[in-house]
Amino acid sequence: MMYARRTPVEREPDASARPPLVREFLLVVGLFLVYKLGRQAANGHVDEAFHNAGHVWNVERALGLPGEGDVQGLLLHSETLIHLANTYYAVVHFPATVLFLVWLYWRHPHHYVWSRRILAALTGAALALHLLFPLAPPRMLAAAGLVDTGQVYGPTVYGATPTTDTMANQFAAMPSLHFGWALMVAVGLVAAGRSRWRWLWLAHPLVTLLVIVGTANHYWLDSLVVSALLALALAAIPLHLPSRAVRLRGPWPSAAAAGFAAETPAAYAAGLPAPAGSPDYGGSPAYAGGAQAPQRTLTSPGAGR
């Protein structure tokens, strides 16, 4: 007795699920500009930022978290490692996220919409925390005793005088969007991918974590808080995918199989034994146009010997 086998159909990206390109471009650029303006609006709270930094440092020590200096000490053993870490911090963060969204837009539109919503929610929550909890990074905190690797070894994306830096708000360390975006990029790529090697994308947030801590731009708590925010966003915004198409494959000719699959009850299509009258039993079920299925003769395994 022969059974139909079910195999997923390989599908091209669903173009109908892909939002209009111009609209998406304007939306993403608009969200980024709102975020940049919001960070600038959070600037100027210098005394509060240093006061909060002292609290964060004490909380980390009370929790028994490893000192940020432990990671930086490893990087300081090699000037090459310091340069690589500073470059990773300055160069990879934003381009990697943009490439991630562009790839999902063309190859996995449903995952793109989901990921864009998650990133927007995460960034909005981070902006609110920047406004409510200004925080000086550990490289500015005297009690930490850390080196500002960007200024000393380069390259850096920050001005030498944080209070007059018009390009970035250096007092917005909590939470770390460097780590939050990197973690979402890895989550999105793992969710959209099919290869068993896709889990290697988790190396991106891991390297990012070591870089932001080792360069003294963020505390451990900055990453823990943004991870919690991302978890909330993922729980609140689930990924909805269309049901996968299924096709039947059997030993009969393709034309007859197509007609038979159209006439076969759902239970048989799910893989149950073929009913009497199917091609496997030598019957002649009705087909469109009156064509009959090829006759098949069943024999026992020992017949003809």
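Colleague: At what angle do helix α5 and helix α6 cross?
Modeller: This is a predicted model. Helix α5 covers residues 93–107 and helix α6 covers residues 109–132. Their axes come within 6 Å. They cross at roughly 145°.

Colleague: Is the crossing of α5 and α6 left-handed or right-handed?
Modeller: Take the residues that meet there. α5 brings Thr97, Phe100, Leu101, Leu104, Tyr105 and Arg107. α6 brings Pro109, His111, Tyr112, Ser115, Arg116 and Leu119. As for the hand, α5 passes α6 in a crossing that is left-handed.

Colleague: How many residues in the contact of α5 with α6 are charged?
Modeller: Sort the residues of this contact by class. Seven are nonpolar and three are polar. The charged ones number two.

Colleague: How are α4 and α9 oriented to each other, roughly parallel or roughly perpendicular?
Modeller: Helix α4 spans residues 79–91, and helix α9 spans residues 203–214. Their axes lie 9 Å apart, at an angle of about 115°. Angles from 65 to 115 degrees count as roughly perpendicular. The two helices are therefore roughly perpendicular.

Colleague: Which residues of α9 does α4 meet?
Modeller: The crossing of α4 and α9 is left-handed. Its residues divide into six nonpolar, two polar and no charged. From α4 come Ala85, Tyr88 and Tyr89. In α9 they meet His204, Val207, Thr208, Val211 and Ile212.

Colleague: How does α8 run relative to α9, roughly parallel or roughly antiparallel?
Modeller: The axes of α8 and α9 are 8 Å apart. The angle is about 170°. Over 145 degrees counts as roughly antiparallel. So α8 and α9 are roughly antiparallel.

Colleague: Which residues of α9 make the contact with α8?
Modeller: On the α8 side stand His178, Phe179, Ala182, Leu183, Val185 and Ala186. By class, the contact of α8 with α9 has eight nonpolar, three polar and no charged residues. The α9 side is made by His204, Pro205, Thr208, Leu209 and Ile212.

Colleague: Why does glutamine 170 count as buried?
Modeller: Glutamine 170 sits in the loop between α7 (149–153) and α8 (177–192). Buried means under 20% relative accessible area. Glutamine 170 counts as buried because its relative accessibility is 3%.

Colleague: Which side chain makes a polar contact with the side chain of glutamine 170?
Modeller: Leave aside neighbours within four places in sequence. Glutamine 170 is then in contact with Leu135, Pro137, Arg139, Met140, Tyr158, Gly159, Pro162 and Asp165. A polar atom of its side chain lies 3.1 Å from the backbone oxygen of glycine 159. The side-chain partner, at 3.1 Å, is arginine 139.

Colleague: Which backbone oxygen does the side chain of glutamine 72 reach?
Modeller: Glutamine 72 is placed in helix α3, residues 68–75. At 3% relative accessibility, glutamine 72 counts as buried. Leaving aside neighbours within four places in sequence, glutamine 72 touches Leu146, Val147, Thr149, Gly214, Thr215 and Ala216. At 3.0 Å, its side chain reaches the backbone oxygen of glycine 214.

Colleague: What pattern does the chain follow along the sequence?
Modeller: Start with the elements. The chain has twelve helices and two strands. Read along the sequence, they give β-α-α-α-α-α-α-α-α-α-α-β-α-α.

Colleague: What share of the contacts with a separation of 6 or more comes from residues 24 or more positions apart?
Modeller: The chain has 305 residues, and buried residues make up 39% of them. Now take contacts with a separation of 6 or more. Residues 24 or more positions apart account for 78%.

Definitions and conventions. Residues are numbered from 1 along each chain as its sequence is written. This is a predicted model: local features need pLDDT of at least 70, side-chain atom pairs count only at pLDDT 80 or more; totals for chains, interfaces and linings use all residues. Side-chain values use heavy atoms; hydrogens and water are left out. Axes are lines fitted to C-alpha atoms, for helices over the stretch in contact, and angles run from 0 to 180 degrees between N-to-C directions. Helices (H or I, at least four residues) and strands (E, at least two) are DSSP runs, numbered from the N terminus. Angles under 35 degrees count as roughly parallel, over 145 as roughly antiparallel, 65 to 115 as roughly perpendicular and the rest as oblique. A crossing is left-handed if the near helix is turned anticlockwise from the far one by less than a right angle, and right-handed if clockwise. Contact means heavy atoms within 4.5 Å. Ala, Val, Leu, Ile, Met, Phe, Trp, Tyr, Cys and Pro count as nonpolar, Asp, Glu, Lys and Arg as charged, and the others, Gly among them, as polar. Buried means under 20% relative accessible area, exposed over 50%, partly exposed in between (1.4 Å probe, protein chains only). A polar contact is a pair of N or O atoms within 3.5 Å; within protein, one must be able to donate a hydrogen and the other to accept it, and residues adjacent in sequence count only if both atoms are side-chain atoms.
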